[in-house]
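Let's take a walk through a protein model together. Have the picture open while you read, and look up each part as it comes along.

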Amino acid sequence: YSEEDVARLIQAAAALPSAKGLRGQTFATLFALLAVTGLRINEALDLDRVDVDLAAGMLVIHHTKFRKPRLVPVHATTQDALRTYGEARDRILPRLTTPAYFVSERGTRISEWMARYTFAKLSQHLGLRARAKSHGRGPRLQDLRHRFAAQTLIAWYRAGVDVERELPKLSTY
């Protein structure tokens, strides 16, 4: 994805129709978080509110691929976006019973299936994915993770960083 593709995807997500006004904010924030952190979709969806430490600028990822919890630092702009989403979520759904950070308008945790489906439909709408009866074939949600890794490597090469030495950091992150 180009920077423009990611921006268009986030804008389209923000414009999703919604009875309470939360759906667009949820998916725009979720997709943006995936793009700037390289998290796996299930890692982002498994975040509970206590796992998002905005004061420290840190996410606590408990459910990882290799079952090793890790801390993921986030940029100040990402902290601001997560804070804005959290405030909107809490204002719209003041009596949440789920600890989940990302929730549906019914107050339940967003499922991986719903995130993938929403991403696919938005990608079709934007012309990033071919139209089909179902959600078709084309860019996948996990491609945001691959994009993050590739962008990081390119930035390191351009900065003259010893990429071989830094690679374990990217792998851990």
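## Two words to start with

A residue is called buried when under 20% of its relative accessible area is left, and exposed when the value is over 50%; anything in between is partly exposed. Strands here are DSSP runs of at least two residues, numbered from the N terminus. Keep in mind that this is a predicted model.

Across the chain, the mean pLDDT comes to 90, and 94% of the residues reach 70 or more.

Now find the three strands. They make an open sheet in the order β1-β2-β3, and the pairing is antiparallel. That leaves β1 and β3 as the edge strands, each pairing on one side only.

Start with β1 (residues 52-53), which pairs with β2 in the antiparallel sense over two bridges. Val52 has Leu59 in β2 as its bridge partner. Together, β1 and β2 form a hairpin with four residues between them, and in the turn you'll find Gly57 with a positive phi of about 70 degrees.

On to the next pair: β2 and β3 (residues 70-73) run antiparallel and are joined by four bridges. Look for Ile61 here, which stands opposite Arg70 in β3.

Which residues of β2 sit on its covered face, and which on its uncovered one? In this strand (residues 58-61), Leu59 and Ile61 are on the covered face, while Met58 and Val60 are on the uncovered face.

## Salt bridges

How many salt bridges does a search of the whole structure find? The count is 10. Let's visit a few of them.

Asp5 and Arg8 meet through their side chains, with an N to O distance of 3.6 Å. Why is about one helical turn the separation between Asp5 and Arg8? Because they are three residues apart in helix α1 (residues 3-14). Asp5 counts as buried because its relative accessibility is 16%, whereas Arg8, at 26%, counts as partly exposed.

Another salt bridge joins Arg109 and Asp48, whose closest N and O atoms are 2.5 Å apart. This pair links distant parts of the chain: Arg109 is in the loop between α4 (76-92) and α5 (112-125), Asp48 is in the loop between α3 (41-45) and β1, and they are 61 residues apart. With 30% relative accessibility, Arg109 counts as partly exposed.

Then there are Arg140 and Asp143, whose side chains form a salt bridge at 2.7 Å, N to O. Is Asp143 buried or exposed? At 17% relative accessibility, Asp143 counts as buried, while Arg140, at 39%, counts as partly exposed.

Finally, go back to Arg70, the residue in β3 opposite Ile61. Arg70 also belongs to a network of salt bridges, in which it is linked with Arg40 and Glu43.

Technical notes. Residues are numbered from 1 along each chain as its sequence is written. This is a predicted model: local features need pLDDT of at least 70, side-chain atom pairs count only at pLDDT 80 or more; totals for chains, interfaces and linings use all residues. Side-chain values use heavy atoms; hydrogens and water are left out. Buried means under 20% relative accessible area, exposed over 50%, partly exposed in between (1.4 Å probe, protein chains only). Two strands pair if DSSP finds at least two bridges between them. A salt bridge is a side-chain nitrogen of Lys or Arg within 4 Å of a carboxyl oxygen of Asp or Glu. pLDDT is the predictor's confidence in each residue, from 0 to 100.
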